[in-house]
Amino acid sequence: QVQLVESGGGLVQAGGSLRLSCAASGKFFSINAMGWYRQAPGKQRELVATITSGGSTTYADSVKGRFSISRDNAKNTANLQMNSLNPEDTAVYYCNAIVNAIPTISIAYWGQGTQVTVSS
């Protein structure tokens, strides 16, 4: 089993910054992609940013230029630096990891979520 533990959420004023962290633990062969998704009340979960083991990144258009994702492959961690936050960024943020249990089998895991609230 793989566990993803998120930290770093909280309440911040508009224009402020937060840094989310996700740590993966358990038994696995390797981690392929890691990413962050978010879900606001009454809305579907949406992709925020992803990063591959090679460092390639993707971002939602709404966060480009404001958010930055990074990872440490040796520590099995991923971080999301969020700058210039606005109330529309308020959501529960979930860490996601595509884990190779063995080299030929990939499984998606989710963290428990961390609340980010941006006040105007």
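This is a short chat about a predicted model.

Student: What are the ground rules here?
Tutor: Residues are numbered from 1 along each chain as its sequence is written. In this predicted model, local features need pLDDT of at least 70, side-chain atom pairs need 80 or more, and totals for chains, interfaces and linings use all residues, while side-chain values use heavy atoms, without hydrogens and water.

Student: How many aromatic pairs does a search of the whole structure find?
Tutor: One. Tyr37 and Trp110 have ring centres 5.0 Å apart and planes at 70°, so they are edge-to-face. (Rings of Phe, Tyr and Trp, using its six-membered ring, pair with centres within 6.5 Å; planes under 30 degrees apart are stacked, over 60 edge-to-face, the rest tilted.)

Student: Which strands hold them?
Tutor: Tyr37 is in strand E4 (residues 30-39) and Trp110 in strand E10, so the pair ties together parts 73 residues apart in sequence. Strands are DSSP runs of at least two residues, numbered from the N terminus.

Student: Which charged end sits over the ring of Trp110?
Tutor: That of Arg45, 4.6 Å from the ring centre. Arg45 also lies over the face of Tyr94, 3.7 Å from that ring's centre. The test: NZ of Lys or CZ of Arg within 6 Å of the ring centre and within 35 degrees of the ring normal.

Student: New topic. Is Asn96 buried or exposed?
Tutor: Buried, because its relative accessibility is 7%. Buried means under 20% relative accessible area, exposed over 50%, partly exposed in between (1.4 Å probe, protein chains only).

Student: And Trp110?
Tutor: Trp110 is partly exposed, at 39%.

Student: How far apart are Asn96 and Trp110?
Tutor: They are 14 residues apart in sequence and 4.7 Å apart in space, C-alpha to C-alpha.

Note on methods: Helix = DSSP H or I, 4+ residues; strand = E, 2+ residues; numbered from the N terminus.
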